[in-house]
Amino acid sequence: MIEKYKNFKNWVVYQIYPRSFFDSNGDGIGDLNGITAKLDYLKELGVDAVWLCPCFKSPNVDNGYDIADYRQIMDEFGTFDDALRLIAEIKKRDMKIIMDLVPNHTSDQHEWFLESRKSKDNPYSDYYYWADEPLNDWRSAFGGSAWQYDDVRGQYYLHSYAIEQPDLNWENPKVVKEMQNVVDFWIDLGVDGFRCDVIDQISKDFVNNRNSFGPTLHDHINQLFGREKTKHIFTIGECWTKEIDEICRHIGPDRGELSTLFQFEHFDTGRRNKWEPSDTGLLRVRDVLTKWQILHQENELLHTLFTDNHDNNFYLSRVGNDKELRYESATCIATMIYLMNGMPLLYQGQEIGAAGSHFDSIDDFDDIESINKYNELLARGKTKEEALFAINFGGRDNTRRPMAWTAGENGGFTTGTPWIQMGSRAKEINLESDLASEKSVFKYFKALFALRKEMEVLRQGEFIPLHKPEDKFAAYLRKLDGCRVCVVTNFDKTQTIDIPEMKGKLLLSNYGRADGDASAFRPYEVALYSVE
Ligand code: NOJ
């Protein structure tokens, strides 16, 4: 594996949803100064790099993923100077900053689009996809046709997401240049890397009627990140493929494209049906992740180890027991995934065992995707209760509700009125209560990351699965030279687990298991052994 990828495995990355992290000025909206105020907290947890969801100027139709200016900060989040201070404070703590790059689309309020729509022959006229008639039957990810008629220009434009998010035309070299300049602008300010939003969509495959993975995709990624200035930075692509060959084209060490990508097979069966619980349990998750661990190793790729983000309900609520065994399942899931071979990445709130919410009225929701889904389900004949169940279960607002820091009013997130209601369990699940509890998820995460830092084998060692398909637990070995660590996580009822590698010194447990204790494993019990 090439050196720079090895180094990325030393990082623990923490994803921040700025709007919901911490509000420093009482306007009810999280902001950049709020993030700066919490950097010591992140450092204490063992975080090496923070990824900020978009914080650029935006009318917020899709909470910042509709960018109106890639070089300005969103008014609610603070000023440009606040951004510079945040970058400086991150560096001061020897941490890295990763920004969210949204290359596929802009806001319809972006100057490029405002100019583009004016006529068919202005300098920006080909920055977007325009046509006299819809060119195909593509659907927007948020519902409805992906083609929208624009009165001003008298043509249709393509939008893979909201109507207010027109797709950029990357086949126009000027667009490529613009985006290179945006990337370079932030690198010059000290940014260490980019998370690249739906990067697979910047090339459309009109021939095969697919709005992603077009024939120019890899040229475009290379134009962005294969350059001298960009080839050493960290880049992670959001990419919806399960094809190993395609993944190798994105992140193969010889490609000069991305460092790694988000690979979503362990997110149930994908985003299309995230609204319904499936019987997908942790055993399937184990098998999917085991498969991808081996494929990443065989191809010398960097695997990103993650379970949560701002586009889904908390993983704990989807595949764990977030009621009676919340601490046990949060720590068990984290142990299984974060001790695998790759780069751990967690989402705000995971470290306190945050769980999904339940609300009884559509008025309690904010997210465009959830609201559109609710209306679509009603139109398809579902009852209000059924539609609410779906968006409570799968909706993005779950993880977008503010981080609860205290058990007090508004979870200590703001002194004002939060932009969206706090999670329905914020009084019960918050950092203050977690730290006061004997079962602190934060303390466990901290110990887990500290162990990863301490033991090179947990960062760089080979992954070797020990469980058999019929087993109801996950067990694997990490191995580096003569050093071996065995990780065991129980997903089932209490059961005896007996594998030869479990005999060494006990390094970590979430049930207070003593060294040398060979008793049965309780539900979601974890044990880590240094194999002699
Ligand atoms: C993926 C992002 O994660 C999501 O939040 C956003 O709505 C879409 N891309 C469109 O930018």
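**Exercise 1.** In which hand of crossing, left-handed or right-handed, does helix 9 pass helix 11? Work on the predicted model, and describe the packing of the pair.

*Solution.*
- Step 1. Two packed helices are described by an angle and a distance, both taken between their axes.
- Step 2. Take the geometry. Helix 9 spans residues 282–298 and helix 11 spans residues 326–338. Their axes cross at roughly 15° and come within 11 Å.
- Step 3. Classify the angle. Angles under 35 degrees count as roughly parallel. Helix 9 and helix 11 are therefore roughly parallel to each other.
- Step 4. Assign the hand. Helix 9 passes helix 11 in a right-handed crossing.
- Step 5. List the contact. Helix 9 supplies Leu 282, Val 285, Arg 286 and Leu 289; helix 11 supplies Ile 333, Met 336 and Ile 337.
- Step 6. Sort by class. The contact of helix 9 with helix 11 has six nonpolar residues, no polar ones and one charged.

**Exercise 2.** Find how helix 12 and helix 13 are oriented to each other, and which residues meet.

*Solution.*
- Step 1. Helix 12 covers residues 368–379, and helix 13 covers residues 384–394. They pack at an angle of about 150°, with axes 9 Å apart.
- Step 2. Angles over 145 degrees count as roughly antiparallel. Helix 12 and helix 13 are therefore roughly antiparallel.
- Step 3. The crossing of helix 12 with helix 13 is right-handed.
- Step 4. From helix 12 come Ser 370, Lys 373, Tyr 374, Leu 377 and Leu 378. They meet Lys 384, Ala 387, Leu 388, Ala 390 and Ile 391 of helix 13.
- Step 5. By class, this contact of helix 12 with helix 13 holds seven nonpolar, one polar and two charged residues.

**Exercise 3.** Repeat the analysis for helix 7 and helix 8.

*Solution.*
- Step 1. The axes of helix 7 (residues 217–225) and helix 8 (residues 244–251) come within 10 Å. They cross at roughly 25°.
- Step 2. Helix 7 and helix 8 are therefore roughly parallel to each other.
- Step 3. Leu 217, His 218 and Ile 221 of helix 7 touch Glu 246, Arg 249 and His 250 of helix 8.
- Step 4. The contact of helix 7 with helix 8 divides into two nonpolar, two polar and two charged residues.

**Exercise 4.** How many residues surround the ligand, and which are the closest? Then give side-chain distances to ligand oxygen atoms.

*Solution.*
- Step 1. The ligand is surrounded by 13 residues. The closest are Asp 62, His 105, Asp 197, His 310 and Asp 311.
- Step 2. Asp 311 has a side-chain N or O atom 2.5 Å from a ligand oxygen atom.
- Step 3. For Asp 197, the corresponding distance is 2.7 Å.
- Step 4. A polar side-chain atom of His 310 lies 2.8 Å from an oxygen atom of the ligand.

Note on methods: Residues numbered from 1 in each chain as written. Predicted model: local features only at pLDDT ≥ 70, side-chain atom pairs only at ≥ 80, totals over all residues. Heavy atoms only, no water. Axes fitted to C-alpha atoms, helices over the stretch in contact; angles between N-to-C directions. Helix = DSSP H or I, 4+ residues; strand = E, 2+ residues; numbered from the N terminus. Parallel < 35°, antiparallel > 145°, perpendicular 65-115°, else oblique. Left-handed = near helix turned anticlockwise from the far one by under 90°. Contact = heavy atoms within 4.5 Å. Nonpolar A, V, L, I, M, F, W, Y, C, P; charged D, E, K, R; others polar. Near = heavy atom within 4 Å. Polar contact = N/O pair within 3.5 Å; in protein donor to acceptor, adjacent residues only side chain to side chain.
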